[in-house]
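Dear colleague,

Please find the structure below, handed over for your records. The notes that follow set out what was found in it.

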Amino acid sequence: MTSRRLVFALALSGLGMASCDPAAGLDNKQNEQPKPVTEQPGTGWEVVWQDEFDGPAGALPSKENWVPDVGGDGWGNGQYEHNTARAENASLDGEGHLAITARKERYGGNDYTSARLTTKNRYSKAYGRIEARIKLPTGRGIWPAFWLLGADVDSVGWPACGEIDIMEHKGQIPSVVSSAVHGPGYSGGGNIGRQHAVSGPPLAEDFHLYAVEWEPELLRFIVDDTVFFEVTPKNLPAGRKWVYDHPHFIILNIAVGGSFVGPPDAKTVFPQTMKVDYVRVYERVAQ
């Protein structure tokens, strides 16, 4: 995902190149009393920030954690939606999930609405493991994303602030996600990224874990228990700067249309909802 143009070490004991799914056994967490202790992705991690999206159906996401980006100017990508602060576009579902919903409706000069939630000025982080368990929407022109943007975006601009796309999805390609980094001299269509095909049913049929493990001079991208992409300064074009050395904030959104995914068509069904079971941030335990 790109911004408004202002806008991993898995060498843990016994893990090799894969980490455990910390969402195991949480599908029905709304029925669990008391609230369970957060599961860890593996030995050597501890949770330092999280949102489990517990609360009544229709409630807005926590104002302590999330700020809605509102507007419909295309967000630098030619997107069609007007992102709102309404519960109709982002609210809790009463079953332990955040529901971000894209709708076909005339609003604010746009033909679609959706939501874009960020932790800007609420929470930002450099290094650690940042993950979310998500059930994706589907359909041509539907563009869900889970990503990070440099907290200094307002002072240095994009892409100098850095952007880390943990997960992007083209709704017309049901089993493929992508991850990428954007920085000065390697942004937009010239980003450094990779696609990953997930085996099994389409991604819209179940929850999957999307994560990045971030160390100095290393970004490791993970889907479920598979590390499929790593980026280091050696991957950058010659002479380009590594800008992933400072805090970034978290963004969750569904775009409709845009340069990455193309427009919806007559077969695209609305509304489309991305359900987020949780977002968690971990740090390595000091040895």
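Over the face of which residue does R86 lie, and at what distance from the ring centre? R86 lies over the face of Y107, at 4.7 Å from the ring centre; a charge counts as over a ring if NZ of Lys or CZ of Arg is within 6 Å of the ring centre and within 35 degrees of the ring normal.

This is a predicted model, in which local features need pLDDT of at least 70 and side-chain atom pairs count only at pLDDT 80 or more, while totals for chains, interfaces and linings use all residues. Residues are numbered from 1 along each chain as its sequence is written, and side-chain values use heavy atoms, with hydrogens and water left out.

Confidence

The protein averages a pLDDT (the predictor's confidence in each residue, from 0 to 100) of 89, and 86% of the residues score at least 70. Over residues 3–38, pLDDT stays under 50. Where pLDDT is low, the predicted coordinates should not be read in detail.

Salt bridges

The count comes to 15 salt bridges, each being a side-chain nitrogen of Lys or Arg within 4 Å of a carboxyl oxygen of Asp or Glu. One of them joins the side chains of E52 and R280 at 3.0 Å, N to O. E52 lies in the loop between β1 (45–51) and β2, and R280 in strand β18 (residues 272–284), so the pair ties together parts that are 228 residues apart in sequence. (Strands are DSSP runs of E, at least two residues, numbered from the N terminus.) R280 is buried, with a relative accessible area of 1%; buried means under 20%, exposed over 50% and partly exposed in between, with a 1.4 Å probe and protein chains only. R280 also lies over the face of Y278, at 3.6 Å from the ring centre.

D277 forms a salt bridge with R133, the closest N and O atoms being 2.9 Å apart. This pair links distant parts of the chain, with D277 in strand β18 and R133 in strand β9 (residues 128–135), 144 residues apart. D277 is buried at 1% relative accessible area, and R133 is buried at 6%.

Residue S179

S179 belongs to strand β12 (residues 176–182) and is buried, with a relative accessible area of 2%. A polar atom of the S179 side chain lies 2.7 Å from the backbone oxygen of I166. Not counting residues up to four places away in sequence, S179 touches residues including D165, M167 and F221, where contact means heavy atoms within 4.5 Å.

Note on methods: Helices (H or I, at least four residues) and strands (E, at least two) are DSSP runs, numbered from the N terminus. A polar contact is a pair of N or O atoms within 3.5 Å; within protein, one must be able to donate a hydrogen and the other to accept it, and residues adjacent in sequence count only if both atoms are side-chain atoms.
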